[in-house]
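Work through the exercises below with the sequence and the coordinates at hand. Each task is followed by a solution in steps.

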Amino acid sequence: MNLIECLQQVPEFRAARGQRHPLWLVLLLIILGAMMGYWGYRPLAEFVEVYGEQLRRKLNLAQETKLPSYSTFRRVMQQLDFQALAASFSD
């Protein structure tokens with residue numbers, strides 16, 4: 001199982017009407033940003049601004065795909081069940 005498949009196993013906890021980005025994508029961007037030293041909500045948003053086009057190409061996302069803002073990173077990180085995330089990696 002690759003990283004994206006693993007992240008797709010994390011249970012969605014957000015209300016359906018508020019979801020603009022797949023959870024796996026938000027989590028992947030958090031991990032990639034952290035690996036590159038972008039710690040925090042606003043630095044993660046900066047990471048997306050700097051590398052957004054490259055990320056879209058590498059992930060085969062449509063050019064018009066919007067990437068998360070700092071508030072999305074904040075909400076996800078505050079509400080994420082880290083035990084569920086850890087369990088998906090353990091599997």
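## Salt bridges and overall fold

Glu12 is partly exposed, its relative accessible area being 35%. The model is a predicted one, and the exercises start from this residue.

**Exercise 1.** Determine which residue forms a salt bridge with Glu53, and where the two residues lie.

Step 1. The closest N and O atoms of Glu53 and Arg56 are 2.9 Å apart, and the two residues form a salt bridge.
Step 2. Both Glu53 and Arg56 belong to helix 3, which covers residues 41-58. They are three residues apart in it, about one turn of the helix.
Step 3. Arg56 has a relative accessibility of 11% and so counts as buried. Glu53 has 38% and so counts as partly exposed.
Step 4. The count of salt bridges by this rule comes to two.

**Exercise 2.** State the secondary-structure content of the chain and decide how its radius of gyration stands against the globule rule.

Step 1. There are five helices and zero strands in the chain. Along the sequence the pattern reads α-α-α-α-α.
Step 2. Along the principal axes, the C-alpha atoms fill a box of roughly 30 × 30 × 25 Å.
Step 3. Among contacts with a separation of 6 or more, 57% join residues 24 or more positions apart.

**Exercise 3.** Describe the surface and the charges of the chain.

Step 1. Of the 91 residues, 36% count as buried.
Step 2. The accessible surface is about 6,100 Å², and carbon and sulfur atoms hold 51% of that area.
Step 3. The chain carries 10 positive and 8 negative side chains. The centres of these two sets lie 8 Å apart.

Methods. Residues numbered from 1 in each chain as written. Predicted model: local features only at pLDDT ≥ 70, side-chain atom pairs only at ≥ 80, totals over all residues. Heavy atoms only, no water. Salt bridge = Lys/Arg side-chain N within 4 Å of Asp/Glu carboxyl O. Buried < 20%, exposed > 50% of the residue type's maximum accessible area, 1.4 Å probe, protein only. Helix = DSSP H or I, 4+ residues; strand = E, 2+ residues; numbered from the N terminus. Rg over C-alpha atoms; globule rule 2.2 N^0.38 Å. Contact = heavy atoms within 4.5 Å. Areas by Shrake-Rupley, 256 points an atom, 1.4 Å probe, with all protein chains shown as cover. Lys, Arg positive; Asp, Glu negative; His and termini not counted. Charge placed at Lys NZ, Arg CZ, Asp CG, Glu CD.
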